[in-house]
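Here are some friendly notes to read alongside the model.

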Amino acid sequence: MKGRSSGLLLPIFSLPGDYGVGTLGKGARRFIDFLAEGRQHVWQILPLVPPGSGDSPYMSPSAFAGNPLFLDLDDLADQGLLTRQELESARYPDPDRVDYRWLRETRLPLLKKAWERSDPGDPERAAFQTAQAGWLADHALFSALSAHFGCAVSQWPDRAIRRREPAAMARYREALADEVDLQNFLQYQFFRQWAALKAYANERGISIMGDLPIYVSADSADVWARPELFQVDEDLSPTAEAGVPPDDLCADGQHWGNPLYDWKGHREALFDWWAGRMENASLLYDMVRIDHFRGIHTYWSIPAGAGSALEGHWEPGPGQPLLDHLAKAVPQLELIAEDLGDLDQAARDFIAASGLPGMRILVYAFDPVGESSYLPHNCPPESVVYTGTHDTPTFVQWLFQEAGQGEREYAIRYLRLREDEGFGWGGICGAWMAPSRLAMAPLQDVLGLGGDSRVNIPGTAGPQNWSWRVRADALNSGVARKLGEITRTYRRG
């Protein structure tokens, strides 16, 4: 990061639009225009991968693929692959929430119609499949098999294909050829549309910050294709699972269920796998936040079948050698360390020695008695200060519903919060004034929204997570001008 800049966090699914979920279409371009009008330089998104269990983008069936639900239907219609009547049938009446069940039942059949009308001999699509063959072939077949069997990979009734025996691979590739081709088509369209959207953002001075989950799902093409890289048994069930011990987010810790990497047994192969993953990320993003960065130093290992995260223990991760390997593989990709949670001194020293900027979160800053490294005046220049993240309450929700009385009073005094100005704007000013070179805020904090707009509550599952959407009229010039004034005041744009 050079100089002082700022930006906003908004997931793709939260973008406004007519088709039940945010897409890579006009809603995304309108938000980019809003960012540019507001003098912002960074758009942070959540993982672009297909959602997995609980509709979470952090439990995806692929570490490499794009989410077909984000495809711009109007673009497909412009290509002649969908009709205007079909677009009308895809409209969803609720602009405020994503209904993933409805999307799964209606969107994929519609996308299949687009595939049926596509040109199987398209040379650009053939070139894409060749260039991305390292992950795409496995992803396409895995997706086809998952739809065919209707269960997780560890439960596939045909053990031969679960173990990727050559005869079984050939048999299913032939039997599921159409479904495999459909998946290839969807990924081609996704990467084509995303490249155009990213170019649109970059042309307007907006960099894209991606979010890279440190782990993959047990039910994923990645585990199926390379089981030796993960701590799984011969049926691909995890033998040890990821999570974290108790911290500020969850008093009992978090048991995520992702399989852990086998760093002891396949270190060099994992280094290469991670390099490939980061090369893929470099096609999509200008910078990347590595989620749960401390897992590179030490990770929490929970035995399979454990009742809670409390039964886990720390194991050493790959450490600085992995970071050095990635720096050589993708020197152009700027990395940010998600260094939240309860860190011991050794983990803090590792993160500091990595040279990567860490995160400072405003809603965790206002201890009324002690000092906090998250207070704006304590944020180091080589850091990213946030009002909040996708895992925290919104600033207004925290201030009035979750902060203790002492925290609330201190925050009001420190930030000079005023109701007539808007409490959310006060939070933005607090972050934007910090020494951190980059200041970020979820769009909800710019809009001063409360708890009903929260993106995720860690440790919970349900329709309240990963489903909030912003209305188009919220992205107006009045809000952009106010954001631009604050940004200019604190010399960020």
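1. A residue counts as buried under 20% relative accessible area, exposed over 50%, and partly exposed in between, with a 1.4 Å probe and protein chains only. This is a predicted model, in which local features need pLDDT of at least 70 and side-chain atom pairs count only at pLDDT 80 or more, while totals for chains, interfaces and linings use all residues. Residues are numbered from 1 along each chain as its sequence is written, and side-chain values use heavy atoms, leaving out hydrogens and water.

2. Is K198 buried or exposed? With a relative accessible area of 12%, K198 is buried. K198 lies in helix α9, residues 177–203 (helices, H or I of at least four residues, and strands, E of at least two, are DSSP runs numbered from the N terminus). Setting aside neighbours within four places in sequence, K198 is in contact with I208, L283, L284, Y285 and D286, where contact means heavy atoms within 4.5 Å.

3. Now the sheet. Eight strands form an open sheet with parallel pairing, in the order β9-β6-β3-β2-β1-β12-β11-β10; two strands pair if DSSP finds at least two bridges between them. β9 (334–337) and β10 (358–361) stand at the edges with a single partner strand each, so one side of each has no neighbour in the sheet. From one strand to the next, the twist averages 25°.

4. Some pairings are worth checking by eye. β2 (residues 42–44) runs parallel to β3 (residues 207–212), and three bridges join them; Q44 has M209 as its bridge partner in β3. Five bridges join β1 to β12, with L9 opposite P442 in β12. β11 is joined to β12 by three bridges, and the partner of V385 in β12 is A439.

5. How many residues of β12 are buried? Five of its five residues are. Both faces of β12 are covered, with L438, M440 and P442 on one side and A439 and A441 on the other.

6. Helix α11 (residues 267–284) touches β3, β6 (287–290) and β9, and its direction makes about 150° with that of β3. Axes here are lines fitted to C-alpha atoms, for helices over the stretch in contact, and angles run from 0 to 180 degrees between N-to-C directions. Helix α16 (residues 423–432) touches β1 (5–9), β11 (383–386) and β12 (438–442), at about 160° to the direction of β12.

7. Helix α14 (residues 395–402) has F395, V396, Q397, W398 and L399 as its buried residues. These pack against α15 (405–415), α16 and α17 (443–446).

8. A cavity is a set of points on a 1 Å grid over the protein atoms alone where a 1.4 Å probe fits but cannot get out, and lining residues have an atom within 4 Å of a point. The search of the whole structure finds four cavities of 30 Å³ or more, and about 170 Å³ of space lies in the largest cavity. Of the 22 residues that line the largest cavity, V49, A63, L212, P213 and R277 are the closest to its centre.

9. Which element gives the most to the lining of the largest cavity? Helix α11 does, with four residues. The lining of the largest cavity divides into 16 nonpolar, four polar and two charged residues. Here Ala, Val, Leu, Ile, Met, Phe, Trp, Tyr, Cys and Pro count as nonpolar, Asp, Glu, Lys and Arg as charged, and the others, Gly among them, as polar.

Technical notes:
1 Å grid on protein atoms, 1.4 Å probe; cavity = no way out; pocket = protein on both sides within 12 Å on 5 of 7 lines; lining within 4 Å. Points joined across faces, edges and corners; volume = space filled by probe spheres on them.
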